[in-house]
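Please keep the coordinates open while going through the points below.

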Amino acid sequence: AEENRSVSISGKMMSTSVGRRLSQVAVRSLHTRRKVKNPVALPQALLANLPTKKVDPVPETPEDPSAYQRTPVTSAHAIDTTKGQISTQDSVAVSPSGSVVHGIYGDLGADADGVPLEYLALLRMAAEGAAGVRAITKGAPGTVLVFGASQANGFAAVQLAAAAGHAVVGVVGAEHSFSEDMLEYVKAMIPEPGTAVSEEYAIAKKNFADLIHGVSTGEEGLSCYSSEEQLEEFKANYLAYVEKYPETLPAAVDPSKMKFVGMEKDKDQFRANMEAYLAQFPPGAPPVDQQQLDAYFTVEQYEVFRNKFWEQTTSVISGDESHFFSPPHIIKDLMKEPEKVDKTVYDTSHPKVPYSFTHMSPFYAEGTQAAAGGTIQGAIISVTPNLEVAAKAVDAAKTLREKAEALQFLTNAQKSAFSAACSVVAQAKKAGAPVVTVGGKLPGLDAVEATDADVKDALSAMAIQDDGTTKLDYFIQAYRAGDFSFYADYAVHRATEALAGPRQIVVTK
């Protein structure tokens, strides 16, 4: 402080520009310092003499009369895509008394505290998702299947089931499966071992069935090869290599590469460069007798052969490639003079993730085992327009031929939705689990309706907690029609166009 003061005083006394500049820099650095020392740790005598800067109070800036003043938001509306207008039922408004009133459920009371107004416009869909989860989940957590995982009600079912501890397998319909980001977002909201797939993946019934089996049981479906099986496969590849590139060739390269196909005048130059060209390839493989290979090249020698690749990898990385390295010749040498296995390369004495895998004593490190999702609890089907049209058309047909003809005259999107939903239903029925629909009715399936308890569960899940987290989130695109009324018509247009996008469109007024 004393130094700053002396510099400031000397700056005032100096008449040169350099002196004035030093003074200005010193004063400015004192006033604009962003990090200061803790004054508590300074001596009290020093604190009493710290320089202070007196400034005039900042005058209030008068409001610009030409500035646009935004209208306070007092209501939010979802889009009724069937009627092509903003919904009056899926809407919420703030009454003059300050309470929040929903178009279907009335006054929401204190349960709506902490819930964004835009979320409340989707309360019916969220309650439908909660009703679907309630209808099929009973007892211990298990695996829950959801078709239409990106729809408002299906999206809620996915998140609520995952929050309850279930392993969820969601199927994103063709309406939104084109969006890779949305598919990844849905997948990211589902903890492992659950996952999300596109509608196109669910159509491949065998692959989808294997996925459900792997999620529910924890079996990854990866066949484990024994050390003998790995050795036999390696020997077969080695013999095929010896036959393809024998030692009689100047290098392990296809004979067609050494055939001259140019003009006669270039033939001498081609031959002169052939030696340098072939030098970049490994030499041909020496001949080998299969009986001797089976007798002398054992599992232990195969492990020694694999370890030599570690040494070669280190040499390549460090740039030491001066020594000769040819795998066929190494195998030949190991058959003549067997070597002992260096077990220090693969330390399996304690659980860890190894740098390499050994076929002699394979093991799984702790924490790498796939978790089992549990038995299939049931399936939740979100009724989409394409699925509803396809299901009713097939149900109206009586004979198998008529059903096939009905499917033939459907659009590709309708057939795809029907096939993917059938895959989900088939997996649930195969496990003897219930199947329910939300957001509509389908022939042969039970539809669930949201109760008051489901509404409360949805409100509780949408409420923002003190740490800023929620159990139920939505991707919302809001249009402020209170400021610009034509935004309401534009929002209806965006919501009803083909491939409207994965976001939920909400109009605020």
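This is a predicted model: local features need pLDDT of at least 70, side-chain atom pairs count only at pLDDT 80 or more; totals for chains, interfaces and linings use all residues.

1. Start with a strand pair. Strands β2 (residues 85-94) and β3 (residues 100-102) run antiparallel and are joined by three bridges.

2. Next, a helix contact. Helix α5 (residues 123-136) packs on helix α6 (residues 152-163) with the axes 7 Å apart and an angle of about 50 degrees. At that angle, α5 is oblique to α6. The crossing of α5 past α6 is right-handed.

3. Which residues of α5 and α6 meet? From α5 come Met-125, Ala-126, Glu-128, Gly-129, Ala-130 and Val-133. From α6 come Ala-152, Asn-153, Ala-156, Ala-157, Leu-160 and Ala-161. Sorted by class, the contact of α5 with α6 has nine nonpolar, two polar and one charged residues.

4. Helix α15 (residues 385-396) and helix α17 (residues 412-430) cross at roughly 80 degrees, and their axes come within 8 Å. The angle therefore makes α15 roughly perpendicular to α17. On the α15 side, the contact is made by Asn-386, Leu-387, Val-389, Ala-390, Ala-391 and Val-394. On the α17 side, Ala-413, Gln-414, Ala-417, Phe-418 and Ala-421 take part. How many charged residues does the contact of α15 with α17 have? It has no charged residues, alongside nine nonpolar and two polar ones.

5. On confidence overall: the protein chain has a mean pLDDT of 82. In that chain, 83% of the residues reach 70 or more.

6. Where in the protein chain is confidence lowest, and where highest? The lowest is helix α2 (residues 17-31), with a mean of 39. The highest is strand β5 (residues 143-147), at 95.

7. One stretch to flag is residues 1-37. There, pLDDT stays under 50. For these residues the model has 15 contacts beyond four places in sequence.

Key: Residues are numbered from 1 along each chain as its sequence is written. Side-chain values use heavy atoms; hydrogens and water are left out. Two strands pair if DSSP finds at least two bridges between them. Helices (H or I, at least four residues) and strands (E, at least two) are DSSP runs, numbered from the N terminus. Axes are lines fitted to C-alpha atoms, for helices over the stretch in contact, and angles run from 0 to 180 degrees between N-to-C directions. Angles under 35 degrees count as roughly parallel, over 145 as roughly antiparallel, 65 to 115 as roughly perpendicular and the rest as oblique. Contact means heavy atoms within 4.5 Å. Ala, Val, Leu, Ile, Met, Phe, Trp, Tyr, Cys and Pro count as nonpolar, Asp, Glu, Lys and Arg as charged, and the others, Gly among them, as polar. pLDDT is the predictor's confidence in each residue, from 0 to 100. A crossing is left-handed if the near helix is turned anticlockwise from the far one by less than a right angle, and right-handed if clockwise.
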